[in-house]
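Please look over the sequence and the model before reading on.

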Amino acid sequence: GEICAFKIHGQEIPFEAVVLNKTSGEGRLRAKSSVDCELQKEYTFIIQAYDCGSGPGGTNWKKSHKAVVHIQVKDVNEFSPAFKERVYKATVTEGKIYDSILQVEAIDDDCSPQYSQICNYEIVTTDVPFAIDRNGNIRNTEKLDYDKQHQYEIRATAFDCGQKHATEDVLVRVNVKPVCKPGWQDWNKRIEYRPGSGSIPLFPSIHLETCDGPVSLIHTTIELQTNYIGKGCDRETYSEKSLQKLCGASSGAIDLLPSPSATTNWTAGLLMDNNDMIFKFDGKQGAKIPDGIVPKNLTDQFTISLWMKHGPSPGLRAEKETILCNSDKTEMNRHHYALYVHNCRLVFLLRKDFDQADTFRPAEFHWKLDQICDKEWHYYVVNVEFPVVTLYMDGTTYEPYLVTNDWPIHPSHIAMQLTVGACWQGGEVTKPRFAQYFHGSLASLTIRPGKIESQKVISCLQACKEGLDINSLESLGQGIKYHFNPSQSVLVMEGDDIENINQALRKVSYINSRQFPIAGIRRLKVSSKVQCFGEDVCISIPDIDAYIMVFQANEPKITISGMDHFARPAAQFESERGVILLPDIRIVSTVTKMEPPVDLKEHDRGNQPVVLEEMLHNLDFCDILVIGAELDPEQECLELDYVELQGKHLDATNSTAGYSIYGM
């Protein structure tokens, strides 16, 4: 009548049943080892009850009917969510709002829906323009800008429904792709140039992005803008006489605007630029050239050359602005020859005397050029082969658009006055004075009687020492056409193949052959037009605005050494050969370089020495000046055997104030 046991049927069931009260038949079902919901969520087995029965060993027990037991294992939130991937990556195009950029996914190893389901995702990184929904979809909350940020790295976490979060955040990388914009890519806005570097490429890695447009022709213009440097670009700053020697010009040019000195004092009162070669005229100044500097008879062949920078004249009918004028000194107001600007026209006046001609002859030659009033530097050469007068402007020939005739001037005893920057009015006024003042800047104004200059020399005299260049012309791609302007400041390229144009543009370089170039910025502009098949212009290519930074060259230090005094018997000075003044003179030019010696140890580099290096370069002039009272020409003079100057591009001038050797 009692219950003695419960028996469970089934293999590897981790439960057992024990009898608590034999009389009432109450028992307890318990786990005999740990159960794990993640391994098995539920168990189903059969249980039977046994009475105490009779006989040894309970072999005659009676058993109950079979009862089915169903057990569910309750879950504990022991696992954290984990993401399926360590890193998620996506690429988006700038300027768009996406519904979903990508989806992150986390899983949880807990067994119950409550603890194994992911209920929420969250972005951990602050201040990023992204949001995530409960399904793990990441979207951007504002339009992304490639120029502002190329890539975003954001971290996200996941929560199960028991609010347990992932132990490790996941990294999400979002790359921003620029909208395809046609244009030049991979170029630097600033290009650095150190003096003596030779030719350096401007855009060594440049390439054109056309966004898969079907391109049939590319036309590109590269412009080096230097009109604010010196006289329009970096040119040699030697004196005009030295430069003419260097260019092989005919000798005999007379400098009408020399730097003020003891022998050339007529420019002393004029306004000068920082550069002592440039004279500024403000409409209130003129200079009288002393008698004897320029011969009275220039002959039928002569040349006037000058640099001029001039802007529009104020007023409707502007007054004549005199560059050069030869007029009556007193009594009358006749202009014998003159070069002047009038209403943005350049006019050359040449009146012959009656003893040279007695007929109606060409007297006024007019040129109308935009450059005369564009406020930029230009080089003008007036070649006179009477009755023909030719103007060269920046090396290009221009014929006069108007020539007017006049009668010759009657001969008279009146002396003439040559002036620069204004014209001398000797008659028809109560007191002789300057009139017709020039407004602008002039430099290197010379007159050469008896000879005219060749085109080659004129080109050399106005040549820029800086410009665009192409490295290895022979390796330019097939089908590339190119053209330089005369000063090599503008290069035009054209081709039908994008890669060939890319290669050609990578070879475009800047060169400055001056040893001591003007430091500062040179602006660069690259403009392009693209044609597509069957269309004139299909895509627009933005211009490139870049600049070259030319660094300051180390200035040379010129050292003169030799005896500073000596005494000789008077008889030697009176001898036919005289006395050599500077028998042991030595002129050395050095320049500082900051390069340390090769064998300098590493720890000594802090106080590295400045290396002085002797340097070869052209000197502009050498003056031997007399201090104090000038030489008495009746008793003493300085002399130099002209044989010493021959074949050396040198020339010299001698006066009672000293001796000047100039050239290269």
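## Aromatic rings

Phe 302, Tyr 337, Phe 348 and Phe 365 are joined into a cluster by ring pairs. Rings of Phe, Tyr and Trp (its six-membered ring) pair if their centres lie within 6.5 Å; planes under 30 degrees apart are called stacked, over 60 edge-to-face, and the rest tilted. The model is predicted: local features need pLDDT of at least 70, side-chain atom pairs count only at pLDDT 80 or more, and totals for chains, interfaces and linings use all residues. Residues are numbered from 1 along each chain as its sequence is written, and side-chain values use heavy atoms, with hydrogens and water left out.

The count comes to 14 aromatic pairs. One of them is edge-to-face because the rings of Phe 15 and Tyr 43 have centres 5.3 Å apart and planes at 80°. This pair links distant parts of the chain, with Phe 15 in strand β2 (residues 15-21) and Tyr 43 in strand β4 (residues 42-51), 28 residues apart. Strands (E, at least two residues) are DSSP runs, numbered from the N terminus. Phe 15 and Tyr 43 are both buried, where buried means under 20% relative accessible area (1.4 Å probe, protein chains only).

The rings of Phe 281 and Phe 438 have their centres 6.1 Å apart and their planes at 75°, so this pair is also edge-to-face. Phe 281 lies in strand β22 (residues 278-282) and Phe 438 in the loop between β35 (433-435) and β36 (439-449), so the pair ties together parts that are 157 residues apart in sequence. Both Phe 281 and Phe 438 are buried.

## Charges over rings

Arg 194 lies over the face of Phe 551, 4.2 Å from the ring centre. The charged end of Lys 288 sits over the ring of Trp 424, at 3.8 Å from its centre. The criterion is NZ of Lys or CZ of Arg within 6 Å of the ring centre and within 35 degrees of the ring normal.

Ser 489 is in the loop between β38 (481-484) and β39 (490-495). Ser 489 counts as buried because its relative accessible area is 15%. Apart from neighbours within four places in sequence, Ser 489 is in contact (heavy atoms within 4.5 Å) with Ile 222, Glu 223, Leu 224 and Leu 468.

Notes: Helices (H or I, at least four residues) and strands (E, at least two) are DSSP runs, numbered from the N terminus. Buried means under 20% relative accessible area, exposed over 50%, partly exposed in between (1.4 Å probe, protein chains only).
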